[in-house]
Amino acid sequence: LPLRSFGRTRLRAGLQRSLAGLVLGLITVFCGAAGAGAQNRPNLVLVLADDLGYYSLGAFGQEKIQTPHLDALARAGMKFTQFYANQICSPSRGSLLTGMHQGHGLIRGNYEMGGYEDELEFGQMPLPANLQTLGTELRRAGYATGVFGKWGVGGPGSTGMPHWQGIDLFYGYLDQKQAHNYYPTHLWRNETREALPNPSFSAHPTNVVIEAPDDPAAYAAYRGNVYSADRIHEEAMKFVEEHKAKPFFLELAYTLPHMALQAPERMLARYRGKFEDRPYLAEQGYLPCQYPRATYAAMISLLDEYVGDLTRVLAKNGLQSNTLVIFTGDNGAAQIGGCDPDYFHCSGELRGRKGSVFEGGLKVPFIAWWPGVIPANSTSDHLCAIWDLMPTFLEAAGTKPALAVDGISFLPTLQQRGAQPQHEFLYWERHKPEAGIHAQAVRFGDWKAVKTTQAGEARLALFNLKTDPTESRNVAARNPELARRAETYLQTRRAAIINDWNFTQPSEDR
């Protein structure tokens with residue numbers, strides 16, 4: 001479907017959706033949603049990690065980094081072994097909100113606007129207003145909606161601002177470039193910029209000189225008074241307390257363990273001296289760090305601590321039996337800024353890392369928890385992706401998208417009842433137009449094809465993930481019919497934007 005006509009169809013249906021929302025709102029008022037209706041519909045919580053490899057948690061095989069709360073969540077709930085995000089931050093967040101895969105979504109890369117300095121904070125390419133999103137549909141269904149952490153789909157003053165996308169309360173980083181520093185000068189509360197008592201320093205300093213790398217004082221200039229993830233988590237827990245009497249949707253878009261490598265002392269103390277570690281002196285960008293491996297582990301364990309606190313707050317308010325909690329990530333592990341995920345085996349033997357359309361860039365851990373509904377200590381190999389979260393949450397809330405989406409609800413799998421619809425295929429694309437490189441990938445059944453176009457020359461590789469999960473054996477020549485089927489998906493399951501590929505401007509990998 002051409003993108004232009006696709007957009008017109010969605011906008012035209014938006015008027016119909018608005019009328020339907022008005023009717024639903026009146027029904028809700030007269031029926032008293034604060035009573036039985038609020039009790040019958042679950043609260044919806046999404047914890048979205050940032051740059052977390054598939055094997056980063058104990059429940060998925062991690063041995064060096066402690067994640068006891070997430071491991072307990074997995075034992076009490078369901079693990080998915082074949083859940084995929086997109087390969088980089090903004091596209092995953094766009095797919096989450098719209099239910100569209102990368103071939104139909106507007107946001108296909110980290111299309112950056114402005115710069116890293118406070119005065120150049122313009123965010124990323126924004127979602128348009130009047131768009132059907134997870135937020136607009138849940139708000140229409142009577143849910144309170146809150147997002148805390150990293151936004152990345154529209155900066156200050158743009159149409160992509162959270163309130164235009166159905167979010168009642170946002171607190172955190174609008175511009176994901178600002179999130180490269182855990183001690184920022186400010187965070188955003190909806191449209192209001194709130195100052196933090198942190199000194200101003202660049203998250204990407206140049207000509208870094210650390211004369212005494214083993215002296216902790218040498219890194220003092222890159223710390224502040226308020227650690228952003230702590231403040232964001234505190235505000236999110238307030239949201240739970242303040243909205244416990246009615247159904248709510250809460251997205252905890254933590255920036256952990258994304259660079260820069262910064263962790264509060266209380267967490268770093270757990271790992272300092274436990275690994276072979278040498279100071280990172282900003283050779284690959286981002287901020288210097290005295291104990292990069294210990295800090296990376298501390299950041300993942302801090303993420304785990306937040307999840308433990310979340311479950312305690314839910315239990316304290318009697319919400320645990322009526323709340324669906326999903327934990328996952330936005331892309332695979334990153335190898336930049338001093339991060340060494342391979343030391344921790346965070347991606348295992350998977351090929352590729354963040355930014356790649358191979359498995360290591362796309363496959364992420366996934367845990368679903370809903371006491372009394374989701375079977376404890378269960379595992380599913382259902383093939384699904386981040387664009388499935390929108391219809392899944394909506395079905396759990398008793399509604400569905402008003403307009404067609406690419407996502408398919410996997411609520412039947414969570415509830416272990418009814419037939420689970422399956423995807424014909426999953427689709428991704430990645431562009432580096434400044435280098436003349438374009439990559440596409442499609443998964444169908446056990447098969448995955450990766451097509452790379454560089455300098456006008458295209459090459460397609462085909463892998464059987466059941467027998468070759470490391471994508472090391474290209475069997476396209478031995479399976480010409482499957483290769484042709486993959487090529488059909490790659491050519492017909494995407495809509496062009498501006499030109500045959502994507503925007504001609506450079507995009508960031510960070």
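Accessible areas here come from the Shrake-Rupley method with a 1.4 Å probe. The model on screen is predicted.

**Whole chain**

Start with the whole protein chain selected. Its accessible surface comes to about 19800 Å², and carbon and sulfur atoms hold 52% of that area. The chain has 510 residues, 60% of which count as buried. Colour by secondary structure next: 12 helices and 18 strands are there to be picked out. Among contacts with a separation of 6 or more, 71% join residues 24 or more positions apart.

**Helix 3 and helix 8**

Select residues 68–76, which form helix 3, together with residues 292–316, which form helix 8. Two packed helices are described by the angle between their axes and the distance between the axes. For this pair, the axes come within 7 Å and cross at roughly 55 degrees. Helix 3 and helix 8 are therefore oblique to each other.

Now show side chains at the contact. On helix 3, select P68, H69, L70 and L73. On helix 8, the partners are D304, E305, V307, G308, T311 and R312. Coloured by residue class, the contact of helix 3 with helix 8 divides into four nonpolar, three polar and three charged residues.

**S380**

Move to strand 13, residues 378–380, and select S380. Is S380 buried or exposed? Its relative accessible area is 9%, and buried means under 20%, so S380 is buried. To see what surrounds S380, leave aside the neighbours within four places in sequence and display M78, K79, F80, T81 and T413, with which S380 is in contact.

Conventions:
Residues are numbered from 1 along each chain as its sequence is written. This is a predicted model: local features need pLDDT of at least 70, side-chain atom pairs count only at pLDDT 80 or more; totals for chains, interfaces and linings use all residues. Side-chain values use heavy atoms; hydrogens and water are left out. Axes are lines fitted to C-alpha atoms, for helices over the stretch in contact, and angles run from 0 to 180 degrees between N-to-C directions. Helices (H or I, at least four residues) and strands (E, at least two) are DSSP runs, numbered from the N terminus. Angles under 35 degrees count as roughly parallel, over 145 as roughly antiparallel, 65 to 115 as roughly perpendicular and the rest as oblique. Contact means heavy atoms within 4.5 Å. Ala, Val, Leu, Ile, Met, Phe, Trp, Tyr, Cys and Pro count as nonpolar, Asp, Glu, Lys and Arg as charged, and the others, Gly among them, as polar. Buried means under 20% relative accessible area, exposed over 50%, partly exposed in between (1.4 Å probe, protein chains only).
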